[in-house]
Each structure stands twice: as structure tokens, then as C-alpha cells.
Amino acid sequence: FPEYKQISLRDGKILSEIHVPDEFINKTLKEINIRDRYGIEVILIKQGGKDEDNEEKELIFPTPEYEFNKDDSILIIGSHLNVKQLIK
């Protein structure tokens, strides 16, 4: 997946930063159920866009109630196959 940043880990998994898929926008992590649906763990969420002071938004730890925005990206970990399926 050349358009995404990724690191291969020893156990056959990869750590990858991807843009939030369109179908995730305005949904919570709980609604998406990413762990059960895709076998993927969300490690961090990088909020997209800028805040009211025109500064980059922060990295945040995921909570079930977090609602994704269109400019967000996520740091995920999973098998190559699971990450590939999520990106499609």
C-alpha cells in the first residue's frame, strides 16, 4: 500500500497510518466496530484540519465514543490482509 505510511512488525502484522475511510465519517468507533469487523486495532487518531487558532489538531487516544471527521487519519495495527481489506 504505497500511498500509506507503514512499518512491518516481526509477527507478520503492520503498523500503518491511513486516512479515515469515507464510510467511517460521522460514526463512532463503537458504531464501526473496527476490531471485530476488520481485525484491526486503532492505536491513535490524528485529528484533521486546524483548530480555532489555526493550529494542527492533536493526536488523541481512541475511545468508543470518538466520532470521525473527514480530515482524520488513524494509526492502526493488523495483519497485512486485514489492513488491505480495510483500505479497500
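**Pocket lining and aromatic pairs**

Reader: How do the residues of the lining of the largest pocket divide into nonpolar, polar and charged?

Author: This is a predicted model, in which local features need pLDDT of at least 70 and side-chain atom pairs count only at pLDDT 80 or more, while totals for chains, interfaces and linings use all residues. Residues are numbered from 1 along each chain as its sequence is written, and side-chain values use heavy atoms, with hydrogens and water left out. With Ala, Val, Leu, Ile, Met, Phe, Trp, Tyr, Cys and Pro taken as nonpolar, Asp, Glu, Lys and Arg as charged, and the others, Gly among them, as polar, the lining of the largest pocket divides into seven nonpolar, two polar and four charged residues.

Reader: How many aromatic pairs does a search of the whole structure find?

Author: Rings of Phe, Tyr and Trp (its six-membered ring) pair if their centres lie within 6.5 Å, and planes under 30 degrees apart count as stacked, over 60 as edge-to-face and the rest as tilted. On that basis, the search of the whole structure finds three.

Reader: Why is the pair of F24 and Y38 tilted?

Author: The ring centres of F24 and Y38 are 6.2 Å apart. Because their planes stand at 55°, the pair is tilted.

Reader: Are F24 and Y38 buried or exposed?

Author: Buried means under 20% relative accessible area, exposed over 50%, and partly exposed in between (1.4 Å probe, protein chains only). By this criterion, both F24 and Y38 are buried.

Reader: Which residues do ring pairs link into a cluster?

Author: Y66 and F68 form an edge-to-face pair, with 5.5 Å centre to centre and 80° between the planes, and both Y66 and F68 are buried. The cluster linked by ring pairs consists of F24, Y38, Y66 and F68.
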